[in-house]
Amino acid sequence: MFTLAEVASLNDIQPTYRILKPWWDVFMDYLAVVMLMVAIFAGTMQLTKDQVVCLPVLQSTVNSKAQPSTSGKADFTTVETTTGQGEEPSVRTVSFGSAPTVTPDIPLSRATSSQYQPTESGQELKKEQKDSSGRKTNLDFQQYVFINQMCYHLALPWYSKYFPYLVLIHTIILIVSSNFWFKYPKTCSKIEHFVSILGKCFESPWTTKALSETACEDSEENKQRLTGAQSLPKYVSTSSDEGSPSASTPMITKSGFKFSADKPMIEVPSVTILDKKDGEQAKALFEKVRKFRAHVEDSDLIYKLYVGQTVIKTVKFIFILCYTANFVNTISFEHTCNPKVEHLIGYTRFECTHNMAYMLKKLLISYISLICVYGFICLYTLFWLFRIPLKEYSFEKVREESSFSDIPDVKNDFAFLLHMVDQYDQLYSKRFGVFLSEVSENKLREISLNHEWTFEKLRQHVSRNAQDKQELHLFMLSGVPDAVFDLTDLEVLKLELIPEAKIPAKISQMTNLQELHLCHCPAKVEQTAFSFLRDHLRCLHVKFTDVAEIPAWVYLLKTLRELYLIGNLNSENNKMIGLDSLRELRHLKILHVKSNLTKIPPNITDVAPHLTKLVIHNDGTKLVVLNSLKKMTNVAELELQNCELERIPHAIFSLSNLQELDLKSNSIRTIEEIISFQHLKRLTCLKLWHNKIVNIPSSITHIKNLESLYLSNNKLESLPTAVFSLQKLRYLDVSYNSIALIPGEIGLLTNLQHFYITGNKVDVLPKQLFQCVKLRTLCLGQNCITSIPDKISKLLHLTHLELKGNCLDRLPATLGQCQVLRKNGLLVEDHLFDALPPEVKEVLNQDTSIPFANGI
């Protein structure tokens, strides 16, 4: 038995999916219900009242034909056996004489009693013949019942017997076919999800508020256009229009939610401020719609299934109509039955009547009428399915009415579901389209974002960076809050992982802004904002995954001085299409490229005449073509790091103005070409660290003006004397090699201020080392040094001394004579420091204790 709750749950299914049932499906459902009622009614009548009543047909006797009489009369005897309940069978013999000839087709009931004359064998039978008004059939009640049942199955047409059951089966098949797409697992999940999202979109407060807000915007824009009321722009560019963005430049278009410097900023009305709960629900709906669309647009299974079930219903209609029409005339009231049981009852033919014939014929005609209507509706459904492309759905009217011009057209199953919804009520698709619009989503994000990130909250996130500049870093927001542009004293703005960043005209208020970071943030700017950035921005950092993410307006910033590009710029994949406009950066001085280049892009040579610093940091990709370097005659600093260089590129020797060269993290093994550096008269800094250099050629002496030499993390085993002939050398770093001896010629470096030899195999410090009295930094850690000479006291300018990781057993007491050396600049084991005399420790601790005392 079904409980009431289970039956009630079945009733809830229809309202859930009613928005996907067009009028023809609803009408066919009602027709199916009527057909089901016809089947139930016919079946009930058949089970309760259906029966067949049969009477025997008198036939001519065989004996009269075999022995004819001249007088036309014949005598024969019939033996009738009667059986009653609880009685023995009795046999009555009836003799018939001079019987007239009887036609076989005349029923016994129509014969008169005068046709039979009793014989002399029984007086009682004569009396009975005189008293009866009909003719004896010699059949008992049980035999009539037997004949009725037998003739019901033999004489009655099969359609008369099974009509209610056929109607029931056909109706069930039609009902299943009509609702199969709601139940099939691969479609019902999508349908259920769609109906759920559609209902939430229809009831969401954001739907109404977004539509009303766009209406307010349109009316405001129309009003200002009609009245011509405009305010003075907050910033007017002093540059010419030569660098204005082209039509392909990604600016904010009029269709989006925008700020304009040509009209006063309008405060967001209170009606657009959503509750936090409503805003979060709307955000969740946008995400659900996006994922649902991506999932459903991949296939057209729902469409095919609906077309298939409609075709099945149409074929079923044709089949039912064809075979049912043939059986209408077979249902009749009278039937002839030949049961072939003459040996049991004595008769071969019976006339039968079917009492349900009239009712069944009326029900059959009604059923055929219903089926015809059902079939015509199926044909109309097929016409609708194939008349218009249901795999495409356009929101053109919705875009015109809602002013959301970016609502995309959808296809496949998504389009089909929306077409079905339109048959129910087009208002659903109009409201649903709001959640397909990126403009609508961005508007919601901006409202929520501005509500959350107020001016006070942003002020708390402003900090001082290493360059002592006021910096604001915004990370993974849905957009740029409006209050950011009210921070007029901000100098550095970092936007990271903000895919929908938009820079409005209000940025013209930030007159101190000079540095902008765009990390995976393809920001769009308004025209007025671009004019401001073009004239004020000095430094720009762009981090991207693909070159297409670099905003086009970046290449039009004429006053830009520093450009940092970090991302994939492989010439084979991107063909350097993003750097075609570098020629417009006429004031660019520093170009920093961190990528995977195989050659220096030819476009970089467009800025070569005024470029002073070029930095290329590869990710290990071998940099092969370097001929473009020859055109960069004004480059003073060049860095080629991690480029898999095996030798010093010859193109570098043409850079007459080069002052600093950094070839860090390459695969350089020999530097014999270093003799060519003698032509670079201005070269003062050479960084060859983190390579595979085995020895230093003596030709290094030709670099007369060299002041800094970085050779750390190589494979050097000795220091040639030629290095110590560089009289201007102030910085020497040979740490993390395999050097075992510091030559005495080191004393010739009288201008040496920083000496790093950490991580080598030095065991003895030459006394000439302490002739370098200008030393400020001396790093001797991780060696095999056993003692520190007392002459270390000559290093009066020493501020940093590293001795940790050696074999020392004590420190010289003369450390106290190094006037500017303090404990925070002395890196040594604690036990060695504790072993120093108290007065020495007091001197070393002096500078660290005084500030604390003053601070207290």
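Guide: A residue is called buried under 20% relative accessible area, exposed over 50% and partly exposed in between, with a 1.4 Å probe and protein chains only. This is a predicted model, in which local features need pLDDT of at least 70 and side-chain atom pairs count only at pLDDT 80 or more, while totals for chains, interfaces and linings use all residues. Residues are numbered from 1 along each chain as its sequence is written, and side-chain values use heavy atoms, with hydrogens and water left out.

Visitor: Thank you. How many disulfides does the structure hold?

Guide: There are two, a disulfide being a pair of cysteine sulfur atoms within 2.5 Å. One of them joins Cys54 and Cys352, with 2.0 Å between the sulfur atoms. This link is right-handed, at 110° about the S-S bond.

Visitor: Where do Cys54 and Cys352 sit in the chain?

Guide: They connect distant parts of the chain, 298 residues apart: Cys54 belongs to strand β1 (residues 52–56) and Cys352 to strand β6 (residues 350–354). Helices (H or I, at least four residues) and strands (E, at least two) are DSSP runs, numbered from the N terminus.

Visitor: Are Cys54 and Cys352 buried or exposed?

Guide: Cys54 and Cys352 are both buried.

Visitor: And which residue is joined to Cys151?

Guide: Its partner is Cys337, with an S to S distance of 2.1 Å. The link of Cys151 and Cys337 is left-handed, at -90° about the S-S bond. This pair also bridges distant parts of the chain, with Cys151 in helix α6 (residues 141–154) and Cys337 in strand β5 (residues 334–337), 186 residues apart. Cys151 and Cys337 are buried as well. In sequence order of the bonded cysteines, the pairing reads 1-4, 2-3.

Visitor: Why is Cys685 classed as buried?

Guide: Cys685 is classed as buried because its relative accessible area is 8%. For Cys378, also buried, the value is 0%.

Visitor: Turning to the strands, which ones pair with β18?

Guide: Two strands pair if DSSP finds at least two bridges between them. Strand β17 (residues 590–595) pairs with β18 in the parallel sense over six bridges, and His592 is placed opposite Val615 in β18. Strand β19 (residues 637–641) also runs parallel to β18, joined by five bridges; there, Gln641 is the bridge partner of His617.

Visitor: How many residues of β18 are buried?

Guide: Five of the six residues in β18 (residues 613–618) are buried, so that the strand is mostly covered.

Visitor: Now the helices. At what angle do α7 and α11 cross?

Guide: The axes of α7 (residues 158–183) and α11 (residues 301–325) cross at roughly 165° and come within 9 Å. Axes here are lines fitted to C-alpha atoms, for helices over the stretch in contact, and angles run from 0 to 180 degrees between N-to-C directions. The two helices are therefore roughly antiparallel, a term for angles over 145 degrees; under 35 counts as roughly parallel, 65 to 115 as roughly perpendicular and the rest as oblique.

Visitor: Where does UniProt place the feature "transmembrane region"?

Guide: The unreviewed entry gives residues 27–47, 162–182 and 364–386; such annotations may be inferred rather than shown by experiment. In the model, residues 27–47 are 100% helix, with the end C-alpha atoms 30 Å apart. Residues 364–386 are likewise 100% helix, and their end C-alpha atoms are 33 Å apart.
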